[in-house]
Amino acid sequence: MVWGLSKWLSLFSLLAVTILTACGSGSGSGAGGSGSSSGGGGNVVSSPKDMGTGDVVYVDLSSGSGSAAFPSSGTFKVLLQSHATDGLTNTYTLSSVSAAGKSLGLGEMQSDLTLAESEASDQDLLDSTLRDNDLYWSSQDLGAGMAKFLSSGKSVSKGAGGDINAAISKEDTVTLYVLDSLTDTTDCVQVTATAKYVGSNVAVFVDNEILDNNSKDLSQSDIDAMGAIYDDQFTDVTGWLGGVSDINSDGATIALITSQINKLTSSGGGIVTGYFNSDDLSDYNASTNPCSNAREIVYLVSPDSDGIYSTKVSNGFWKSNFGPSVFPHELQHLINHYQRVVVNGAAAESACLNEGLSHLIEDLVGYNVENYSRYDLFLASPQSYSVCGGTSLALRGGIYLFLRYLYERGGNSTTFLKNMVQSSDKNYTNIVNAFPSKTSDFDSIGEFLRQWATALAYTNSGVSTAAKFKYNDRVKNATTGNWEGVCMDCSAQDNRGTILDGPSYGTYSGGSFSLKDAATRFLKISSNPSSITFSANTASKGYAIILRTQ
């Protein structure tokens, strides 16, 4: 049990890159790969002098230095990247070339919400507490309820558990524990809720406080429509990732819409939209597990147009953004914990990868609307963030982009996702080992990071290049009508007014930079030097990536 918030931080090697402009021709030593001097787009060549538009040069700095010679004509960009994956740090150095951060914007139609990266502390704080709690349960006895379920031989699929329609009827009432703290999973309150939708696998319970005091914001038709969406999402997500447990033999995963989630926002900043608490997969105990409901349950924010409980959340925005995206997000956390910790007996997944998987699941079920504003924040200052370095809005955006790219490189196969969820590996090791389509030049975290960063730069740039160096075009989900996938230069159409314009670039001028592990700094070259010499701390596993855009 986590009685308070713990911060698991460790120091790691910074990539300190010194860039020197030389008057000589340079040799291109340290550049990886080979290719035709004629270019043509998507070739990995040995020197910028051999590059055509859309080609790539990799300069390997693992030995401590490397160089590249440039032609007098052409337009080039340089990406500095660390391939170290040795941890996190609290500090980093921003130079004069860094771009100012962006705010998380909202469309005029949703002006009743005010969210920004600096205001995201509440959900981050709660998620950090809950992911720490997941780790606690990795080494604890889950109790008689889960033991009985596992011994029944029904642990693979929720559908093999109890009968939802025999166990739950519409208008049934139940008393449930809901957290009353962002930092303590033993601090909770009881709410009474009523079953307003009972489907094939999901039952939607609504807090009676909402039904009694704010029913205009959540009609029965809204609940029925959202419940049907949740049932479909449950079928898809469990099919992709694996089943959930049935600790109380009711055949149901509960979606609890409660104003208590809204109220959690009042204690800090931003807005809390929901959570999964791994305490619920173990028996209730007044001393050691006092907030367990001993059932499969996810907790969801309620629409609150008048701000009765906290920050205003309009009915329209809840139906388009929060309602249909938070349930599959939290369901992934539930499945992840069950498959890894309960079935495999492994340690819980790292918080960043766990969150990244949930954001990718939002996309795959057709409700990608909340991801664009997150990765816009990441792209505003990519050098400031490790790919898997935490759970802030920007970091969630970064890990989503990384996983989405790998999902596409794997042929849009959900096998990649199931492999990660059902693995005993963690973090970067899990990502590499789970990837199902490895090749000789794409089978390590460094190669994943290099080609991904290239795709961030080339996608929607108008430069013809190989498919592996850009994201697939976005497509409309046939069921929801929402966009699936990634764009770098577009109107997101996310009900927030987010306009994406790619990663933020500084201007190359020489000098030293510091990067977090697994981070990338994007630089434009305004006037071609004859050569550039790079040097880096060998522990940083540094690379320079050179792109030609004209």
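# Reading disulfides, a sheet and its helices

Mentor: Start with the cysteines. Count the bonded ones along the chain, and the disulfides follow the pattern 1-2, 3-4, 5-6. This is a predicted model, where local features need pLDDT of at least 70 and side-chain atom pairs count only at pLDDT 80 or more, while totals for chains, interfaces and linings use all residues. Residues are numbered from 1 along each chain as its sequence is written, and side-chain values use heavy atoms, leaving out hydrogens and water.

Trainee: How many disulfides does the rule give?

Mentor: A disulfide is a covalent bond between the sulfur atoms of two cysteines. Here the term is applied to a pair of cysteine sulfur atoms within 2.5 Å. The count comes to three.

Trainee: Which parts does the link of Cys188 and Cys291 tie together?

Mentor: Take the bond itself, then the parts. The sulfur atoms of Cys188 and Cys291 are 2.2 Å apart. The link is left-handed, with -95 degrees about the S-S bond. Cys188 lies in strand β8 and Cys291 in the loop between β11 and β12, so the pair ties together parts 103 residues apart in sequence. Strands (E, at least two residues) and helices (H or I, at least four) are DSSP runs, numbered from the N terminus.

Trainee: Is Cys291 buried or exposed?

Mentor: Read the relative accessible area, taken with a 1.4 Å probe and protein chains only: under 20% is buried, over 50% is exposed, and in between is partly exposed. Cys291 has 2%, so it is buried.

Trainee: What is the handedness of the disulfide of Cys352 and Cys388?

Mentor: The sulfur atoms of Cys352 and Cys388 are 1.6 Å apart. The torsion about their S-S bond is about 80 degrees, so this disulfide is right-handed. The pair links distant parts of the chain, 36 residues apart: Cys352 is in helix α8 (residues 351–364), and Cys388 is in the loop between α9 (371–380) and α10 (393–409). Cys352 is buried, with a relative accessible area of 6%. Cys388 is buried too, at 6%.

Trainee: How far apart are the sulfur atoms of Cys487 and Cys490?

Mentor: They are 1.8 Å apart, and the two residues form a disulfide. Cys487 counts as buried at 5% relative accessibility. Cys490 is buried at 17%.

Trainee: Now the sheet. What is the order of its six strands?

Mentor: Strands of a sheet pair through backbone hydrogen bonds, either parallel or antiparallel. Two strands count as paired if DSSP finds at least two bridges between them. This sheet is open, with mixed pairing and the order β7-β8-β9-β10-β12-β11. The edges are β7 (173–179) and β11 (274–275); each has a single partner strand, so one side of each is left without a neighbour in the sheet.

Trainee: How many bridges join β9 to β10?

Mentor: Five bridges join β9 (residues 202–207) to β10 (residues 253–257), and the two strands run parallel. Val206 stands opposite Ile257 in β10.

Trainee: Which strands does helix α5 lie across?

Mentor: Contact means heavy atoms within 4.5 Å. Helix α5 (residues 220–241) lies across β8 (188–198), β9, β10 and β12 (297–300), at about 90 degrees to β8. Helix α7 (residues 315–343) lies across β9, β10, β11 and β12, at about 150 degrees to β12.

Trainee: Which residues of α5 are buried?

Mentor: An α-helix has 3.6 residues a turn, so residues three or four places apart point the same way. The buried residues of α5 include Ile223, Met226, Tyr230, Phe234, Val237 and Leu241. Asp231 is also in α5. Asp231 is buried, with a relative accessible area of 8%.

Trainee: Which side chain makes a polar contact with the side chain of Asp231?

Mentor: A polar contact is a pair of N or O atoms within 3.5 Å; within protein, one must be able to donate a hydrogen and the other to accept it, and residues adjacent in sequence count only if both atoms are side-chain atoms. The partner is the side chain of Tyr197, at 3.0 Å. Leaving aside neighbours within four places in sequence, Asp231 is in contact with Tyr197, Gly199, Ser200, Asn201 and Val202.

Terms used. Axes are lines fitted to C-alpha atoms, for helices over the stretch in contact, and angles run from 0 to 180 degrees between N-to-C directions.
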